[in-house]
Amino acid sequence: MKTFLIFLLFLNTFLFSQSSSVCFDCHNDKELTLSRNSNDISLFVDESKYHSSVHADLDCIDCHADFDPENIPHKEGVNIAKVNCSDCHDTEEFAESFHAEKQIQCFDCHSKHQIQTASVIKKNQVDLCITCHKQSSVKTYTQSVHFEKLQEGNESLSCVGCHGGSAHKIAEANVTEEVLHNICGNCHEQTVHNYEKSLHGIALAKGKYLAPNCITCHNQHNILSSKNTKSKTYKMNVPQLCGNCHKDGTDVSEMKNIDQKHILENYSESIHGDGLFKRGLIVTAVCNDCHASHNILPHQDPNSSINRNNIAATCSKCHAQIESVHVKVIEGELWEKEPHKIPACIDCHQPHSVRRVIYDEKYTDNYCMTCHIDENLHMEKNDKRISLFVDYKSFKNSAHQENSCIKCHTNINVANKPVCLNSGPVDCSSCHAQEVNDYVQSYHGKLHAENNDVAPYCTDCHSKHETKLKSDPESMTFRKNIPELCANCHREGEKAAERYTGDQHHIVESYNESIHGLGLIKSGLTVTAVCVDCHTSHLELPASDTLSAVNPKNIPTTCSKCHYGIYEKFQSSVHSPNVTKTDKKLPTCYDCHKSHSIERVERGDFRQGIIDQCGTCHEEVTRTYFETFHGKVSRLGEVGAAKCYDCHGSHNILPPDNPNSTLSRTNVVETCRNCHPNSNHKFVGYLSHATHHDQDKYPYLFYTFWAMTFLLVGTFTFFGLHTLFWFPRALKEKRRLKKEHEKHN
Amino acid sequence: MISEIISVENSSSSSNKYENKYYQRFAPFLRFTHLLIVISFLSLAVTGMIIKFSDVSVFQTLSDFLGGYQVTGFIHRVGAIITFIYFALHLHFLFRKRRETSAKYLFTGENSMMFNKRDFTEFIATMKWFFGKGPRPDYGRWTYWEKFDYFAVFWGVAVIGFSGLILWFPEIFTYIGIPGWFINIATIIHSDEALLAVGFIFTVHFFNTHFRPDKFPIDITIFTGSMPVEELKYDRPRQYKALMESGELDDRLVPPPSPFLVKIAKIFGFTALFIGLSIIIMIIYSMIFLYK
């Protein structure tokens with residue numbers, strides 16, 4: 001068996017190498033040359049290498065067709081036919097490639113007689129390419145991050161990965177930007193997408209020659225990771241990279257209208273640049289930390305990382321604890337949520353020249369006061385003379401005493417003379433964001449936004465420079481002074497009362513006589529409710545507004561701020577929307593207690609008024625209430641007689657069939673006992689809403705009433721007629737007697 | 001007053017020995033009883049109607065004028081106590097009468113308040129007289145309308161008094177077993193019976209006794225106790241005749257009431273009439289225009 005196998009192997013070798021061996025007889029000779037055009041062309045074919053090539057199984061004549069083997073040279077005076085690979089190989093793709101165009105032959109890459117397998121070629125392809133592409137720039141590919149990745153097995157990062165995608169489809173290297181982006185985008189899809197939308201990308205698309213493309217920053221072949229210290233995009237090198245175009249004197253800086261000047265110089269001196277260049281901190285911010293790497297957008301663009309609205313988010317990438325540093329300035333979250341309400345980082349920390357805060361150093365209070373100390377200093381606006389005098393002494397006694405002028409008057413402009421020219425009113429939201437936010441939503445704020453003259457602004461309640469804390473008894477916003485403050489506009493005849501069209505009148509007078517007002521004025525209680533406790537300090541809205549604290553829906557919550565115990569009871573009562581689901585209007589606190597003229601419930605006016613109040617909805621029972629003793633006596637002004645809530649409960653009111661109701665079977669005797677100490681279970685059978693007009697509901701009363709009526713009508717009819725008949729007869733009788741008497745005389 | 005005409009007429013016949021003589025119709029006790037009735041009834045009527053017509057502004061004003069419900073309620077209860085007192089006194093009077101005389105005296109005959117057959121015939125005769133079909137009947141000591149007045153008060157005091165007690169002490173009455181809704185029944189009875197009583201007294205009684213042309217404007221006999229014999233002779237011929245025949249009249253003659261008493265009686269009487277008429281006007285006004 002073994003012998004047979006050896007034989008077969010031998011036979012096989014002998015048979016197939018038969019003709020080739022003939023060729024190698026000559027061509028294995030290294031000295032074999034052909035002289036053409038005075039050039040010696042080697043005709044040597046290394047037989048051993050040929051036999052190790054993928055074509056080893058083929059005969060020479062399989063490729064070298066159409067020649068005369070007997071004669072030497074094989075075809076005198078005529079070149080033998082070129083080997084045509086396309087006889088066996090599909091070379092259509094290659095034929096269209098850039099290599100084909102440049103007359104590159106298959107064997108230029110694959111060699112003639114030492115053709116290797118594809119995997120071997122792939123392995124060595126970089127060397128293979130460099131054999132021809134000897135430029136150093138191409139060679140640096142071997143230092144690139146792409147090459148590193150290729151070594152790790154990522155084949156798409158080989159030469160052909162970018163240049164055509166396949167070895168036989170090599171494309172022209174001098175490609176258009178679009179193709180370049182497609183090439184990079186194959187792997188860096190999102191990055192390229194971002195770039196295309198960027199300032200650079202758009203400029204490039206417009207064909208602006210100054211516009212950078214991928215290669216400008218990342219190189220052609222020597223593409224390095226940004227972590228590589230040699231990379232142009234390494235953090236340390238970014239200012240240099242960007243500065244190539246954006247430093248002074250470049251085409252970009254001169255031809256483009258960029259607001260910021262001396263960018264690179266300023267940056268170098270800024271705290272960021274200082275950190276980078278002098279302290280070698282790679283955690284400092286460089287250009288792309290703020291401007292983004294690829295998605296670079298002008299600051300006017302709302303999506304720009306340096307847009308006014310986004311700058312806080314951008315800065316806080318590094319300055320995460322920004323709120324705690326700016327604790328006096330702002331409530332943290334507003335930096336990002338409502339950046340338009342507050343100064344952006346760059347308002348104080350100038351871009352590129354970021355160093356410390358601009359104020360304090362140059363614009364001191366003394367600087368401001370050189371002008372504003374003048375009592376006659378004023379400006380004209382809409383023909384109105386507005387004094388610009390600042391009583392610095394009283395300012396220094398104000399709640400803002402710790403602040404410098406410029407902290408509020410931020411809108412100064414160094415280009416103006418004086419710097420504060422047209423700086424406009426102070427935006428209090430810089431520090432009091434929540435309050436101003438509320439104010440803007442409030443009716444006051446809305447009117448102010450409409451430029452309505454009557455609308456109060458921050459300073460109308462808080463004053464300008466003399467602002468006092470609300471805990472200061474001298475402050476206009478001290479609790480005791482608030483009713484008077486609001487009354488300035490809301491008193492009858494004043495501007496707010498004049499334009500008000502609702503049903504609340506004499507608000508101030510009513511409040512002053514109310515339990516809340518009396519608490520404040522008479523008892524001197526600062527814990528009593530003042531205007532702002534119900535209406536809120538800054539978010540005043542008409543009651544019709546569903547956001548208003550005094551909207552019927554919200555009023556229980558508002559009152560519960562003080563009257564929580566009542567609120568708890570009310571929430572589980574039949575009048576609470578939690579309990580009764582209805583389309584009809586449910587009563588809320590101020591329906592019974594009135595809004596401004598709120599009274600002590602012990603007072604007669606309240607006790608009498610409550611019946612009408614309940615009666616607005618409970619018409620039938622109120623009508624019948626007035627037909628019974630309690631109602632009749634109440635109508636005569638008897639305060640003590642049982643009113644609705646004496647029996648039904650007030651805030652804990654529940655339907656009588658509810659076991660917890662004051663009128664439930666178990667509780668009713670006790671409830672009546674409040675007034676009738678000897679109340680008993682038969683006594684409570686008294687029908688306190690009975691009517692004798694309802695035959696079905698109260699038949700006994702109905703028939704008693706009609707029996708009595710019958711008796712009355714009968715009696716009066718009988719004696720009425722009796723009298724009616726009597727009168728003329730008696731009159732006649734009297735006349736007759738008189739006549740007789742006169743005759744007699 | 002008719003007596004003036006009659007007395008003058010009689011004075012012309014000089015033979016009349018009863019000229020300017022007065023017959024005592026009401027004993028002091030009865031006059032006292034009526035005084036209590038007038039005082040209590042007026043106060044009860046005023047204070048009661050205030051509640052009944054509590055939704056009418058004139059009554060509300062009246063309530064305020066009197067000092068509010070607490071005051072009127074107190075007055076009402078005082079009036080109730082006076083009523084119970086005179087009711088008790090009267091019952092006592094009846095029992096004493098029965099003891100001193102007899103049941104026959106009390107329940108039958110000319111002096112009895114009980115209705116009898118003659119009242120019916122007298123009513124028919126009165127109707128005939130009203131329509132000019134017959135002469136004025138010879139009325140006796142108590143006419144049928146006076147008897148009705150008497151029983152109206154008797155019945156009224158019993159019914160209104162009892163229902164009033166229920167309303168005054170509802171806890172006690174329900175404690176002893178009266179159902180709660182009976183308080184409502186008692187209210188209706190009390191209220192409507194009172195309206196009947198007030199309406200009847202201030203119209204029918206006032207007319208029958210004071211405002212009928214032969215008595216107009218007032219008959220103060222109930223206060224002074226006595227009436228001129230001439231008037232008795234004209235007004236109650238049958239009684240006069242009986243008194244003459246029995247010779248009892250001479251025993252019952254009294255001197256004319258002193259001018260002072262007459263003055264007091266008139267002031268009191270007119271005041272009562274004024275109050276009563278005012279109430280009835282307010283009630284009629286309320287019932288016609290406002291009461292539901």
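1. A nonpolar core, as the term is used here, is a set of buried Ala, Val, Leu, Ile, Met, Phe, Trp, Tyr and Cys residues joined through C-beta atoms within 7 Å. The model discussed in this note is predicted. Its largest nonpolar core has 36 residues, and those with the most contacts inside it are Ala45(B), Met49(B), Ile50(B), Ala197(B), Val198(B) and Ile279(B).

2. Which elements give two or more residues to this core? They are α2 (28-52), α3 (57-66), α4 (68-100), α7 (144-168), α9 (181-211) and α13 (259-290), and they belong to chain B. The most comes from α9(B), which gives 10 residues. Leaving aside residues up to four places away in sequence, Ala45(B) touches Val198(B) and Ile279(B).

3. Chain A has 745 residues, of which 24% count as buried. Its secondary structure consists of 45 helices and 4 strands. Among contacts in chain A with a separation of 6 or more, 48% are between residues 24 or more positions apart.

4. Where the two chains meet, 43 residues of chain A are in contact with 42 residues of chain B. On the chain A side, α42 (629-635) and α45 (699-744) each supply at least two residues. The largest share, 23 residues, comes from α45(A). By class, this side of chain A has 22 nonpolar, 13 polar and 8 charged residues.

5. The packing of α45(A) against α9(B) deserves a separate point. Two packed helices are described by the angle between their axes and the distance between the axes. For α45(A) and α9(B), the angle is about 5° and the axes are 9 Å apart. Angles under 35 degrees count as roughly parallel, so α45(A) is roughly parallel to α9(B). The contact of α45(A) with α9(B) has 17 nonpolar, 6 polar and 2 charged residues.

Technical notes: Residues are numbered from 1 along each chain as its sequence is written. Chains are lettered from A and ligands numbered from 1 in the order in which they are written. This is a predicted model: local features need pLDDT of at least 70, side-chain atom pairs count only at pLDDT 80 or more; totals for chains, interfaces and linings use all residues. Two residues are in contact if their C-beta atoms, placed from the backbone, lie within 7 Å. Ala, Val, Leu, Ile, Met, Phe, Trp, Tyr, Cys and Pro count as nonpolar, Asp, Glu, Lys and Arg as charged, and the others, Gly among them, as polar. A residue is buried if 20 or more other C-beta atoms lie within 10 Å of its own, exposed if 12 or fewer, and partly exposed in between; C-beta atoms are placed from the backbone. Axes are lines fitted to C-alpha atoms, for helices over the stretch in contact, and angles run from 0 to 180 degrees between N-to-C directions. Angles under 35 degrees count as roughly parallel, over 145 as roughly antiparallel, 65 to 115 as roughly perpendicular and the rest as oblique.
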